[in-house]
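Got your viewer open and a selection tool ready? Let's walk along a domain boundary, one selection at a time.

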Amino acid sequence: MQINKLQVEAIKCGSVIDHIPSQIGFKLLSLFRFTETEKRITIGLNLPSKKLGKKDIIKIENTFLSEDQINQLAVYAPCATVNYIDQYNLVGKIFPTLPKKIDRILICPNSNCISHDNCINSSFIFIKKLDKNMNLKCQYCEKEFSKNIVLS
Amino acid sequence: MRNSLYKKNIISINDLKRDELELVLKKSAILKKKPEPNLLKNKIIASCFFEASTRTRLSFETAIYRLGASIIGFSDGNNISLSKKGESLADTISVISSYVDAIIIRHPQEGSARLATEFSNSIPIFNAGDGSNQHPTQTLLDLFTIKETQYRLNNLNIAMVGDLKYGRTVHSLTQALAKYKKNKFFFISPDALTMPNYINDMLLEKKISWTRCQNIEEIISEIDILYMTRVQKERLESTEYANAKSKFILNTKTLKNARSNLKILHPLPRIDEIDYAVDYTPYAWYFKQAANGIYARQAILSLVLVEKHFK
Ligand SMILES: [Zn+2]
């Protein structure tokens, strides 16, 4: 455990998004526009993980994610945990839960959907299917897609 | 009866509750019996057709004139200065919304009507068809016609024939009829054009019975409504199209064992899926259905624009 921690530099204050499935960390950075900031960001890719085998990790200094942002993470990284750090101490640990609705970060797979126009943001709601799978329904074109199709 | 449709946007049949459907049907029936030519006097309505659809446009415009309102607008997005100058849909809507009391929009892209509501400054938007997505007034006129001919919207056996994959009218009608109890659906289509899963799943979730059938004859003696749609050539391979054409064409022979109350509906235009001889049978109801479009559109326009009805 100690060894894992040292593989990515510890931060004094800010958020650590841990247990991101490997290969997803980079995606989260761009989708959530974490890089559109002057804040210092550290990213670890393919780190060893007891839970996932391999994991990614993102640390953002002096930034606390909104509840909404945290829950939207759950779409891509259902097992992620978000740790809040202050003075190098863990002061909060949050487990994202799937939100009802997800705005902006996804792109509608329907190529004729008006949400592709550049003046608007996409918006999807989650629909639970009988087989317990989750579908995403575009709020504009009203088409329903399996989660994997929208996320890929 | 409270008018919960007042000032509402009419974008998708899924947005309307059962009570609201009833409200529209009731108002349609009243307007069919007794025209109210001054109901929308002094209202101005924009008819914005970003793609041509003559039938729908004329139907809406007739409905507007019958209610005493005035129209501004355009009938084809290619010929208007707005799109030539590359002005976005959002800007067009926000400008026009400052001129009028309501906007009717037809647009080739799915979701366009919903988008329009975000830029209309609370002026109600009526969706007259957004790509392959929704065309709620078509569904309202379908419901009105079914209720008028069968005296109920529950406990019906409904067969839908043709292109069930891309046919938005059959999707919306199924969604609307699924709000009523004990309806049974029969789906008849080429293999490549079956009902999409989200519709089948919705029926399954609501425990509504549906069956896929091979041909119309199989079920003709069981059904109350036969909803025919066109199979577009470009959706199928040529051999498959020839096969589908012969299989899903309705002629008088197919109707031999029909129930006496059977009504045949079709959103029109028809190509050759209904033999002309069928027009002369008592089952043919598609032209009356199209005529009902005026009343259904009058009803929805007046309910959205005038708060008090049903004295
Ligand atoms: Zn969409």
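This is a predicted model: local features need pLDDT of at least 70, side-chain atom pairs count only at pLDDT 80 or more; totals for chains, interfaces and linings use all residues.

Residues are numbered from 1 along each chain as its sequence is written, chains are lettered from A in the order in which they are written, and side-chain values use heavy atoms, with hydrogens and water left out.

Start by colouring 14-94 of chain A as domain 1 and 101-151 as domain 2; the bounds come from an automatic or database domain assignment. Their C-alpha centres sit 24 Å apart. In the contact (heavy atoms within 4.5 Å) you'll find 7 residues from domain 1 of chain A and 9 from domain 2 of chain A.

Buried area here is the accessible area (1.4 Å probe) lost when two parts are put together, summed over both.

Now select Q72(A), V75(A) and Y76(A): this trio supplies 61% of the area that domain 1 of chain A buries against domain 2 of chain A, more than any other three residues.

Last, look for salt bridges (a Lys or Arg side-chain nitrogen within 4 Å of an Asp or Glu carboxyl oxygen). How many are there between domain 1 and domain 2 of chain A? The count is 0.
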